[in-house]
Amino acid sequence: MTLMLHKYDTSRTRSLLALAAVSGAIAALPAAAQSSCAPDDGYADGLVSYVAEVEACLDKSEFDATRETGIFDRTNAVRTRAGVSPLNRRASLDRAARAHALDMAARGYAGHNDLEGRGHIYRMRALDRQVLASATGANVAVLDADASVSDIYAAISGDSANRENLVHGGFTDTGLGIAEANGRLYVVQMLTTVDGELETPLPLQIAGATSFSPRVNQDYFRTAGWSLSDASGNRLAGGTLMRMHDVAFDRDDTGYLDVLVELDADTYVLRGPLVTRR
């Protein structure tokens, strides 16, 4: 039996012709955030605890790197034949994809969101401390454990929406995760349009005033400002100076950083890392 799911999400009204970005760094976890891995219960709530448990689980788990690389190579071969640029393999997206594959394998479900409602974009923004991304897509498949690379790719590409994700010309970066449990393979493929990065990784927790410097890949875009919102989309802070202060949100809030860029009269939103208050 094979189960396939697909997803595409964008925050822009038109595509940016993005150049490739280097892999996003993961900032060191706060000393108080050291965590053990209990995969049967799902990952912890709260940004810092979530990242700590994900990192603990990834570090102690095994993944099928050979088949992951095989899917990556197949994807880029198909993109080349379709006349679109190949994808970069981004380490932080691998970790986000593996985290979700591991969670599905441990708890026996299939979906783009985990059982707590956290999706691919949350995982990307939690684990990649530099990313500035405008669009994401994902393919999820569950197959028998003996499935070959050809079987996995055929299952993914057999769905029309998945095929569109695979050759979407705006995507620049990808990550893959394959976990196995109870005779099943849980496959996650993330695809993202990375339009820039923060020059240095943003800490998970901020204390006092924290400055950050966005770097957008296309120099014809002008950085116009930033905003910080909560999980419900309520604006917590923002401005044109790239500097946020912890008084903008409560200790229990998770802040979603967006960087705003302009081209002529149009403004685009690039999604950045998640932060919380120390």
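Visitor: At 1.5 Å a residue, what should the 14 residues of helix H1 (residues 47-60) span?

Guide: H1 should span 20 Å, and its end C-alpha atoms are 20 Å apart, so the value agrees with the expectation. The expected span is 1.5 Å times one less than the number of residues. Helices (H or I, at least four residues) and strands (E, at least two) are DSSP runs, numbered from the N terminus. This is a predicted model, in which local features need pLDDT of at least 70 and side-chain atom pairs count only at pLDDT 80 or more, while totals for chains, interfaces and linings use all residues. Residues are numbered from 1 along each chain as its sequence is written, and side-chain values use heavy atoms, with hydrogens and water left out.

Visitor: Why is H1 called largely enclosed by the rest of the structure?

Guide: Because 11 of its 14 residues are buried. Buried means under 20% relative accessible area, exposed over 50%, partly exposed in between (1.4 Å probe, protein chains only). Among the buried residues of H1 are Leu 47, Tyr 50, Glu 53 and Cys 57.

Visitor: What do the buried residues of H1 pack against?

Guide: They pack against helices H3 (91-107) and H4 (120-127), and against strands E6 (205-206), E12 (254-263) and E13 (266-277). Contact means heavy atoms within 4.5 Å.

Visitor: Why is helix H2 called oblique to H5?

Guide: H2 (residues 65-82) and H5 (residues 149-157) pack at an angle of about 55°, with their axes 9 Å apart. That angle makes H2 oblique to H5, given that under 35 degrees counts as roughly parallel, over 145 as roughly antiparallel, 65 to 115 as roughly perpendicular and the rest as oblique. The contact is made by residues including Arg 67, Gly 70 and Arg 74 of H2 and Val 149 and Tyr 153 of H5.

Visitor: What makes strand E5 (residues 184-198) largely enclosed by the rest of the structure?

Guide: 15 of the 15 residues of E5 are buried, so the strand is largely enclosed.

Visitor: Which way do strands E3 (residues 131-144) and E5 run, and how many bridges join them?

Guide: E3 and E5 run antiparallel and are joined by 13 bridges. Two strands pair if DSSP finds at least two bridges between them. Ala 133 has Val 194 of E5 as its bridge partner.

Visitor: How many bridges join strand E4 (residues 173-181) to E5?

Guide: Nine bridges join E4 to E5, and these strands run antiparallel. Thr 174 is bridged to Leu 191 in E5. Two residues lie between the strands of this hairpin, where Asn 182 takes a positive phi near 55°. E5 is also joined to strand E8 (residues 214-216), antiparallel, by three bridges.

Conventions
Axes are lines fitted to C-alpha atoms, for helices over the stretch in contact, and angles run from 0 to 180 degrees between N-to-C directions.
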